[in-house]
Amino acid sequence: MDLNKIKKLVEEHSVCAIDLKYCGIDGKRYHITFPVSRLEAAISDGVAFSGSSLPGMGSIESGDRIIKPDLNTVYVNKTESGNVIEVLGTICDAVTGVGFSKDPRSVANRAQEYMKSTGIADESFWIPELEFYVFEGAEIRNQKYDSGFRLSSGQGKDCLAEGDTDILNMGQQEREVYHINTPFDRYFNIRQQAVNEMEKRGINVKYHHPEVGIAGQQEIETEPSLFPKICDDVLIMKDIVRQSALDYECTATFMPKPIYNEAGSGLHFHIMLRKQGKNVFWKKGNYADLSDEALYFIGGVLKHAPSLTAFCNPSTNSFKRLLPGFYAPVKLFYGLANRCAAIRIPNYLHTEAVKRIEYRPGDATANPYLAMSAILIAGLDGIQNKINPTDNGFGPFDDNVFNWSKQKQDKLKSLPTNLEEALKALQKDNAYLLKNGVFTQELIDTWIELKMKEVNAIANRPHPYEMNLYYNL
């Protein structure tokens, strides 16, 4: 979209302001809003801001950055204050105007250019499966002498809000709620409102439904979308879900494991590469009709999975989800239709047009630009170096490995068991990410430093359950 078309939108919709949104290295979205009269200057010069005020984006003495609006992302949004134009921005160096080395959007753009430069593929299509919980209350306390939380949901009889007696007996207890029907599906309207808004924003949704977690777990899955646009879409989806929940006086969380002993929330990625319109992953007659390139891609991802985990599961809470028995993978292997595999080959896709793989460990605390870029680069590394997954002990295994003997299970390679392990793996294995400057060593070092602060913040605080274990010891 060019400036004249935007001016036309401003006039047609009586737009009162431009809301420029961008992503920090931490995966959070930020925004800066300016009058319509500043539009031309913002497009030509960018919008200056202090990178030193954002985590990992610069020091006080060298923190000047600019945000350049991406005119292909313009959207007219209705707010209580009037119509505004939302537009996504890329963080650039204030002097050169080039995408900043630690700007997540720039990383994804560099990953796309690198993929094309290899000659392996010119397009990659992705499908995110976004899982989350909706609660009607989330009381959280973290003080020196008072720490804890209370989550409430009218859908779960064991976690009703204070004063809710459930006199109509609509709360669920000791039953499966996956795809539970209305009227027991308490949060249908929240999901539908969110999906309606996503569709308006050009995000094509495949379906939405209640997930396994009894107290309000949900899932929204998209149709295939091109990288790197899909990275933008994931963050837009999260914003829309949160706002839709708030509109119904609820709150949504993308924490991987907000509830002990209940299903965790993941962010699975379906991936397909194409070259000149042909599916690079397809070869009829091979295992699961996967081409050699697809198998090498799988080999690269699984080989680098421990270091990938630092980007795909970048919270201490992530590893409370990655446990056996909760639909989350912990062992590094691939298999056909196998939901305990780190990489699953969907068994309902039997044509070249739709053949793809699914990487299952990730969760939505990830910065999508960094996580998806890292997965893509790892897979390309597998193709370039012909990393055969079978030769490296990654399967395929089509049965439930958790029914194997412990001795046999122990022979399988595993994901890291905590965030510190994942960060150490990234520190040790990151050369593949540095190809063509997609990631920089500075970005990787900054990421490790930021995430280790989170590790230490959790490690240094007493856990509520420690009171049960040790208070009277």
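These legends walk through several close-up views of one predicted model.

In this predicted model, local features need pLDDT of at least 70 and side-chain atom pairs count only at pLDDT 80 or more, while totals for chains, interfaces and linings use all residues. Residues are numbered from 1 along each chain as its sequence is written, and side-chain values use heavy atoms, with hydrogens and water left out.

**View 1. The largest cavity has a volume of about 50 Å³.**
Let us start inside the protein. The structure holds three cavities of 30 Å³ or more. On a 1 Å grid over the protein atoms alone, a cavity is a set of points where a 1.4 Å probe fits but cannot get out, and lining residues have an atom within 4 Å of a point. Grid points are joined across faces, edges and corners, and a volume is the space filled by probe spheres set on the points. Look for Lys 21, Tyr 22, Cys 23, Arg 29, Leu 88, Gly 89, Arg 105, Asp 232, Leu 235 and Tyr 369 in the lining of the largest cavity. Two or more of the lining residues come from each of β1 (17–23), β6 (82–93) and α5 (229–247), and β1 has the largest share, three residues. Helices (H or I, at least four residues) and strands (E, at least two) are DSSP runs, numbered from the N terminus. By class, this lining has five nonpolar, one polar and four charged residues. Here Ala, Val, Leu, Ile, Met, Phe, Trp, Tyr, Cys and Pro count as nonpolar, Asp, Glu, Lys and Arg as charged, and the others, Gly among them, as polar.

**View 2. The second largest cavity has a volume of about 40 Å³.**
Among the residues lining the second largest cavity are Ile 6, Ile 18, Phe 34, Leu 39 and Val 87. Both α2 (39–45) and β6 give two or more residues to this lining. Which classes do the residues divide into? The lining has 10 nonpolar, no polar and no charged residues.

**View 3. The second largest pocket has a volume of about 410 Å³.**
A pocket is an open set of grid points with protein on both sides within 12 Å along at least five of seven lines. This pocket is lined by 23 residues, and Glu 131, Tyr 178, Glu 211, Glu 219 and Arg 339 lie nearest its centre. At least two lining residues come from each of β7 (123–135), β10 (205–210), β11 (217–222) and β14. Strand β11 gives the most, with three residues. By class, the lining has eight nonpolar, six polar and nine charged residues.

**View 4. Arg 186 and Glu 136 meet in a salt bridge.**
Side chains of opposite charge can pair when their charged atoms come close. A salt bridge is a side-chain nitrogen of Lys or Arg within 4 Å of a carboxyl oxygen of Asp or Glu, and a search of the whole structure finds 22 salt bridges. For Arg 186 and Glu 136, the N to O distance is 2.6 Å. This pair links distant parts of the chain, 50 residues apart: Arg 186 is in the loop between β9 and α4, and Glu 136 is in the loop between β7 and β8 (137–142). Arg 186 is partly exposed, with a relative accessible area of 41%. Buried means under 20% relative accessible area, exposed over 50%, and partly exposed in between (1.4 Å probe, protein chains only).

**View 5. Lys 206 forms a salt bridge with Glu 221.**
The closest N and O atoms of Lys 206 and Glu 221 are 3.5 Å apart. Lys 206 is in strand β10 and Glu 221 in strand β11, 15 residues apart.

**View 6. A cis peptide bond joins Phe 227 and Pro 228.**
Omega of this bond is about 10 degrees. Pro 228 lies in the loop between β12 (225–226) and α5. Another cis peptide bond runs from Gly 395 to Pro 396, with omega near 15 degrees.

**View 7. Gln 276 has a positive phi.**
Phi of Gln 276 is near 50 degrees, in a residue other than glycine. Gln 276 lies in the loop between β14 (267–275) and β15 (278–279). Gln 276 counts as exposed because its relative accessibility is 71%.
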